[in-house]
Every structure is written in C-alpha cells, then in structure tokens.
Amino acid sequence: MATILVLGGGYAGMRAVKFLQHDLPAEDEIILVDQTAQHTEKTNLHEVAAGTIDPSKITYHIPEIIHKRVTFLQATVTGIQVADQTATFTNHPDIHYDYVIIALGFQSETFGIPGVADNSLPLDDLDSAQAVYQHLESQFANYHKTKDHDDLKIAVCGAGFTGIELLGELTQSLPKLQAKYQTPAAKLVCFERMPSILPMFGQDLRDYAINFMAKHDVDMRLGAKITAIDPGAVLYEDAEGQPQSFSANSIIWTVGVSGSHVIADSQFEQRRNRVVVNDDLSLADHPEVFIVGDVAAVMDPSSNRPYPTTAQIALAAGEQAAKNIAHLRHQQSTTAFTYESMGTVASLSDRDGIGEIFHKPRQIHGYAASAMKKIITDRSLMESAHLSTLFKKGRFDLYH
Ligand code: NAD
C-alpha cells in the first residue's frame, strides 16, 4: 500500500486525482489537500471581478465530485520536506507520503514595485475577484456623496491575458453600474510596459483587440512602465521615459503571477516559485515527487523554453503526473510529458475575443473566438468534474 498526496485542488490537482482514482492499485490511499473546499475555474476570475458572472458559476464543491476512495482534507500547506517525504500544514498534523503531486498554483506577483501590495487590488483567487467587484460597486455608490471623479476612474495595470480579458468584461459591466447609480461614464485606463499587447498573437489579432478597446473608450497607455502605486494613483514612466501619474480610486493589479510561495518556503531551487522538473514531471533525484501547473517549469523540447503557464497545460500535466505515479506503482517506467495545444484564446467580453486555434494556427476573432473559449471551458469542466457539473455550470449560450 502507498499514500499518494495531492497538494492543491486547482486545474492540475483535480485532473491528477481523477486519473489516480482509476489507475492506482485498490489498496493505495489518495489524499487531496486544499485550503478551501471549493475548486475555482480560475480562467474565469476576470468575469467575477467585473461582475458579469455569479461566483457560483465558476466554482464547485470538491468533496461532491471526487471518488469515494479519495480523502479530501481542507488544510493549508506550509511546506514540503522532500528529504523526509512529509508535508506540513497550519491546521493538521504532518502527512508522510510515498508519492506527492505538488499543484499549488499561482499568486499575484508585485515584482518588488513599491506600494502594489497596499494600494492596489490583486486578482488571483475567488476572494480577490469578489473584492474587486465589491470595490468597484462601492466607488459608484460613493460617487453620489463625493462627486469625486476619481471614484469613477479605474486603472488596470498590465495588458497580459488577465488585464485584457478583464477590460473586455468591464466594458460590459461598467455601463450597468453607471445606470444603476446614475453616474457619468466611468473612465477605464490600462497601463502596459510593452509597446504592444499579447505578443503571442499575430499583428492582425492584436490590432483587433486594440480596436475593440478604442471602440469601447478604453484608454490603452502602451509603453507605460509602472514604477509605484501610491494610495489612489498609478506612477509610471511614459513611452518617452517621462515620469507621469494617473489618479484613480480603483487600481487593479494584473501585471503577472508567480507560483505559490510554499515553493520558496520549502527551499526548492526555484525561480518565481517555479521548479524546473524532469521531462516526466518528477523532481531531479526525487522520482516520488511530481510538480505540475504554475509551480512547475516544464521545458518544451520544440522551443527549448518552458511551456507557458496556462490552465490547459496544467490539466495535461496533472493527468501525466497521475499516470506516471500509476506506472511506477505497477512497476513500469514513467513517460515524458508531451502537450498538444487546442489553441490560445483571449476573450473580449462574453461575445467577442481573439484566438489562434489548432496546431497549424488559424486566426479567429469576434464571436467565434468567444465561442471557442466557452468550448475550452466546457471541455475542462467535463474532464475534471462530472457531466452533472457541466450541465450546472457550463457555457451553453453559444449553442443557441
Ligand atoms: P502576464 O505575465 O501574462 O501579463 C502581465 C502584463 O503586465 C504583461 O503584458 C507585461 O508586459 C505587463 N507588465 C509587467 N510589468 C509591468 C510594469 N511595471 N508596468 C506595466 N506593465 C507591466 O500575466 P497575467 O495576465 O496575469 O497572466 C498570468 C498567466 O496566466 C500567464 O501565463 C497567462 O498566459 C495565463 N492566462 C491565460 C489566459 C488564457 O489563456 N485565456 C487567461 C488568463 C491568464
């Protein structure tokens, strides 16, 4: 008998459990640990932050969807001691494992920029997404009393996937808040260090997204390097290197993420809390430790660079780590991780988006791209949870 410990109930951890519960010998024990009993579909956090979707639509209760043979433990992981094969928790005794899958996910990263932690709103979990929307709504309500135009100014820091998808949703939800609180139109401004957005897409798609923003009066300040966040102000250097500031009572931080701090806390060799793993996703010299998702750096042999940190890759890696543990339990050798992308899509609101799909990239935009994103979401729900979860939470509006 062996104890297999899965740390984290995000995309990678949930997918790993799904395969472990079927593939492991019946006598093996599987323990899944997460600090909350809810799995969150984090690729949709921006919709909760903008208030365009109810949080219950992107979460499901972990104990309801795991197999009876899996023990779910709600506890906060504080460390993994690979030399002793144990994990430690704030609110539970240590657990000794025979195999562990570390899938602890990402957290918002400040990059050491002063004032970020105190003066801006992160967007990295369900609570922070709900806090963003509550803050936005409170500013609209406040405007009645203060008539302070900064209450209606919203700064989105960073035009990566999260920033762009959040801006897309906000173009839909802010007019509704404006109508509800009878205010003038809000001013939406985005600050991005690079001279362009989303460099992984071709120029036509980037232009499409930029035109979408212009059409919805989003002020995209490209080449704007944020240097500090003061209370109620973004300080930045403009494209000419001149110091500038922009005052706003809502400042949302989407400038990038790192892996969970538990990685550095556990003394792993890491960069931004990501550990370089072997091609079978195991840790060097520790064939019993598998690291997947946003805490792992997995080299892509075709580019000789790490794969990007996306939900699709986390799902595939969780599955592969589980299969490799099952191989080892059946005295077989592990196999290398390979990944075939269905494509990359960034939504621009519920009905619009940009994307490149399939291996020979085909560019899509508009409704087709937003429908593709919903298909990817539905597929992930169906594969990680149950068909019943898909029926309750899936995005079916594209099918009619
Ligand atoms: P990101 O790193 O992709 O984007 C952050 C952006 O902030 C970048 O454009 C960067 O140039 C900019 N930036 C960095 N420092 C800055 C500064 N000082 N001033 C101004 N701008 C600055 O981070 P993210 O958008 O939070 O996404 C995190 C991860 O999740 C990424 O790997 C992303 O690919 C993934 N993700 C994917 C999807 C999707 O596939 N639809 C959606 C959301 C997130």
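Q: Which residues does Glu169 touch, not counting residues up to four places away in sequence?
A: This is a predicted model: local features need pLDDT of at least 70, side-chain atom pairs count only at pLDDT 80 or more, and totals for chains, interfaces and linings use all residues. Numbering starts from 1 along each chain as its sequence is written. Two residues are in contact if their C-beta atoms, placed from the backbone, lie within 7 Å. With residues up to four places away left out, Glu169 touches His46, Glu47, Ala50, Thr52 and Ser349.

Q: Is Glu169 buried or exposed?
A: Glu169 sits in helix α6; helices (H or I, at least four residues) and strands (E, at least two) are DSSP runs, numbered from the N terminus. A residue is buried if 20 or more other C-beta atoms lie within 10 Å of its own, exposed if 12 or fewer, and partly exposed in between, with C-beta atoms placed from the backbone. Glu169 has 22 other C-beta atoms within 10 Å, so it is buried.

Q: What separates the C-alpha atoms of Glu169 and Asp350?
A: Along the chain, Glu169 and Asp350 are 181 residues apart.

Q: Which element gives the most residues to the shell around the ligand?
A: The shell has 25 residues, the closest being Gly158, Gly160, Phe161, Thr162 and Ile226; near means that a C-beta atom, placed from the backbone, lies within 6 Å of the molecule or strand. Elements giving two or more residues are α6 (161-181), β13 (187-192), β15 (225-230) and β26. With 4 residues, the most comes from α6.

Q: Which domains each give at least three residues to the shell around the ligand?
A: The protein is divided into domain 1 (3-35 + 75-108 + 258-334) and domain 2 (116-255), with bounds from an automatic or database domain assignment. Their C-alpha centres lie 34 Å apart. At least three shell residues come from each of domain 1 and domain 2.

Q: Why does the span of helix α5 agree with its residue count?
A: The expected span is 1.5 Å times one less than the number of residues. For the 21 residues of α5 (residues 126-146), that gives 30 Å. The two values agree because the end C-alpha atoms of α5 are also apart by 30 Å.

Q: Which elements do the buried residues of α5 pack against?
A: In α5, the buried residues are Ala129, Val132, Leu136, Gln139, Phe140 and Tyr143. An α-helix has 3.6 residues a turn, so residues three or four places apart point the same way. The buried residues of α5 pack against α2 (45-50), β11 (121-122), β12 (153-157), α6 and β18 (250-253).

Q: Where does Gln331 lie?
A: Gln331 has a positive phi of about 55° although it is not a glycine. It counts as exposed, because it has 6 C-beta neighbours inside 10 Å. Gln331 lies in the loop between α9 (311-329) and β26 (343-347).

Q: Which residues is Phe106 in contact with, leaving aside its neighbours within four places in sequence?
A: Phe106 is found in strand β10 (residues 106-108). With 22 C-beta neighbours inside 10 Å, Phe106 counts as buried. Beyond four places in sequence, Phe106 is in contact with Asp124, Val257, Ser258, Gly259, Asp294 and Thr309.
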